Every structure is written in C-alpha cells, then in structure tokens.
Amino acid sequence: MDVLFNSVKALVALAEKENKPISEIMIAQEMMVSRRTREEVIGQMEENLKVMEAAVEKGLEGVQSMSGLTGGDAVLIRKYMEKGDTLSGNLILDAVSKAVATNEVNAAMGTICATPTAGAAGIVPGTLFAVKNKLNPTRAQMINYLFTTGAFGFVVANNASISGAAGGCQAETGSAAAMAAAAIVEMSGGTPQQSAEGFSIVMKNMLGLVCDPVAGLVEVPCVKRNAMGAAKALVGADMALAGVVSRIPTDEVIEAMHKIGQSMPSALRETAKGGLAATPTGKALEAKIFGGESAGRDNTTS
C-alpha cells in the first residue's frame with residue numbers, strides 16, 4: 001500500500017515541507033489509500049462527526065447499561081459543574097462529562113464512532129466538543145480535528161497496536177488520549193511538531209495501563225478511563241503549546257508502548273482474569289451479572 005507517511009517523523013516533516021497542517025496531510029493520504037475524492041473523504045468524516053455528536057447528546061441526557069454497571073455519571077458531572085465551584089475547571093470537566101457520555105452510550109449498546117476503538121470512543125469526541133465551546137471552530141475545522149487524530153492513530157495502528165487484547169488499555173485509551181492532544185494542539189494554532197510533542201507527552205503518561213474489564217464488559221473501569229484520558233489530553237496539549245517537549249521522540253514512544261504491551265501477561269490484556277476484574281468485588285459483580293458463568297464477554301472494544 002502506497003502511503004505518504006508511516007511514522008510521526010515523516011508526517012511532521014511532510015507537513016512542514018508543504019507548509020500544511022497535519023489534517024491536510026491525512027486527507028491527502030486517505031484519498032490516496034481509499035482512491036476516493038476529497039469530497040468523498042471529507043463527507044465520510046462528516047458522517048463520523050455526526051455520530052459522535054449524537055452520542056454525546058444522548059449520553060448527557062442519561063443512559064444505563066443492561067448490566068447496571070454504568071450509566072448516569074455524565075449527568076452527575078454536569079450537575080456538579082452547574083454549581084460553579086469545581087476544582088479542575090469547566091473545560092476539563094466538560095471534556096470529561098462528554099467522554100463519559102459517549103462511553104456510557106457504548107455500554108448501553110448505542111451507536112458510537114470507534115476512535116480508535118469502541119472502548120476508547122469517548123476521548124476524541126469528548127475533547128472536541130469541549131474545546132469547541134472555547135475555540136469556536138468552524139464545522140470544517142472540527143472535521144480536520146478528526147483527520148489529525150486519524151493521522152496519529154494511523155501511525156500507532158500500523159507500528160504498534162490499538163487493541164486492548166494485544167497491548168492493554170494503553171493501546172486503546174492511551175492512543176486515544178494522545179491522538180486527541182495532537183488534534184487539540186492543531187486546532188489551537190500549534191505547529192505540527194507541537195502536535196507530535198502533545199501526543200508524546202500524553203502517551204508517555206499512559207504507558208503500562210492494563211486492560212482489565214470487570215466481567216469482561218467494556219464498562220468498569222473503561223468509562224472512567226476515558227474520563228481521565230480526556231483530562232490528560234487537554235493538559236498534554238497545553239504543555240506542548242507552552243513549548244514543553246518530549247525528550248523521547250514520538251515514534252520511539254509508540255515503539256515503547258508496543259513493547260510494553262507485548263510484555264504484559266494475558267491476564268492484563270482484556271481477558272478479565274487480572275487487575276480490577278480479579279478483585280473480590282470484580283468477581284462478585286461478574287457472578288451477579290452472569291450467574292457464575294465464565295468471563296470473557298465484551299461489548300466490542302476494538
């Protein structure tokens with residue numbers, strides 16, 4: 001498959017050489033790979049954006065999963081925000097609430113857009129629809145945000161993993177949070193290199209995160225990990241925009257994530273046999289939901 005880039009180093013170099021944002025490089029690559037027109041490529045991403053928007057709105061109205069493990073937390077966070085006396089500030093909590101809303105919709109078997117997986121689907125839209133209220137982007141800029149996340153996600157998927165079963169939750173929510181940070185930087189006027197720094201800063205702080213879904217369901221702790229991933233994405237973007245750099249190059253950070261994932265025992269890679277899933281409460285919840293049947297069920301993480 002012919003591509004314009006297959007590493008972050010090549011992506012940034014191309015964006016700098018052509019004096020274009022990363023989103024434009026990704027659009028060109030998608031056109032090349034899919035052999036579709038620019039209008040078709042952008043049109044598809046517009047549809048993805050609509051799905052994300054609908055999921056956020058539905059989740060903020062309040063949903064409940066069939067298992068009863070998750071639901072309603074997005075509403076609780078919004079009510080807390082309305083008091084006007086939050087510690088972390090409305091922008092972060094706005095992103096957190098919308099990330100949670102999206103993942104609660106996923107847990108309730110609603111329609112979401114995997115970014116890069118269903119289990120990590122809340123972070124990109126959560127941050128996008130939060131920074132929208134601050135940066136007032138056009139619809140085209142919001143679509144570009146998704147292309148920027150896609151560019152970094154493309155590199156991760158082709159050089160490491162975005163699967164919890166293969167690389168732990170660092171590969172899912174870690175990748176999603178880092179992808180979001182890169183896109184926030186671009187939407188905020190940062191350079192392609194600063195987007196890469198934002199990605200690295202966040203990914204480095206998600207390394208080693210295990211995938212241990214209670215009862216094998218993508219609910220606990222998945223929903224709350226999306227919440228924290230959204231918060232980290234915003235902080236990482238701010239750090240990059242401030243001029244903070246990662247001493248380890250982005251591609252090496254991605255490689256490290258891949259190797260860490262490979263070294264994780266299977267109990268910590270989506271099998272529901274370790275971590276939080278193996279706690280007394282985790283096992284009790286599984287027994288309550290499935291009547292003592294074996295774990296390993298999920299509602300699609302990747």
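1. Lysine 98 and aspartate 94 are four residues apart in helix α5 (residues 90-107), so about one helical turn separates them; helices here are DSSP runs of H or I with at least four residues, and strands are runs of E with at least two, numbered from the N terminus. The two side chains form a salt bridge in which the closest N and O atoms are 3.1 Å apart, a salt bridge being a side-chain nitrogen of Lys or Arg within 4 Å of a carboxyl oxygen of Asp or Glu. Both lysine 98 and aspartate 94 are buried, where buried means under 20% relative accessible area, exposed over 50%, and partly exposed in between (1.4 Å probe, protein chains only).

2. On provenance, this is a predicted model, in which local features need pLDDT of at least 70 and side-chain atom pairs count only at pLDDT 80 or more, while totals for chains, interfaces and linings use all residues. Residues are numbered from 1 along each chain as its sequence is written, and side-chain values use heavy atoms, with hydrogens and water left out.

3. How many salt bridges does the rule give? The count comes to 11. One of these joins the side chains of arginine 139 and glutamate 46, at 3.5 Å from N to O; since arginine 139 lies in helix α7 (residues 139-159) and glutamate 46 in helix α3 (residues 38-61), the pair ties together parts that are 93 residues apart in sequence. Arginine 139 is partly exposed at a relative accessible area of 30%, whereas glutamate 46 is buried at 17%. A network of salt bridges links Glu46, Glu53 and Arg139.

4. Aspartate 73 and lysine 224 also meet through their side chains in a salt bridge, at 3.7 Å from N to O. This pair links distant parts of the chain, with aspartate 73 in helix α4 (residues 73-82) and lysine 224 in helix α11 (residues 222-241), 151 residues apart. Aspartate 73 is partly exposed, with a relative accessible area of 26%, and lysine 224 counts as exposed at 53%.

5. Glutamate 270, in the loop between α12 (250-263) and α13 (280-290), deserves a separate look. Glutamate 270 is buried yet has no salt bridge, the nearest side chain of opposite charge being that of arginine 269, 8.8 Å away; for charge, Lys and Arg count as positive and Asp and Glu as negative, with His and the chain ends not counted. A polar atom of the glutamate 270 side chain does lie 2.8 Å from the backbone nitrogen of alanine 165.

6. Why are there no disulfides? The search of the whole structure finds zero, a disulfide being a pair of cysteine sulfur atoms within 2.5 Å. The sulfur of cysteine 113 is 18 Å from the closest cysteine sulfur, in cysteine 169, and therefore too far for a bond. For cysteine 169 the closest cysteine sulfur is in cysteine 211, at 5.6 Å, which is also too far for a bond. Cysteine 113 is buried at a relative accessible area of 15%, and cysteine 169 is buried at 8%.

Definitions and conventions:
A polar contact is a pair of N or O atoms within 3.5 Å; within protein, one must be able to donate a hydrogen and the other to accept it, and residues adjacent in sequence count only if both atoms are side-chain atoms.
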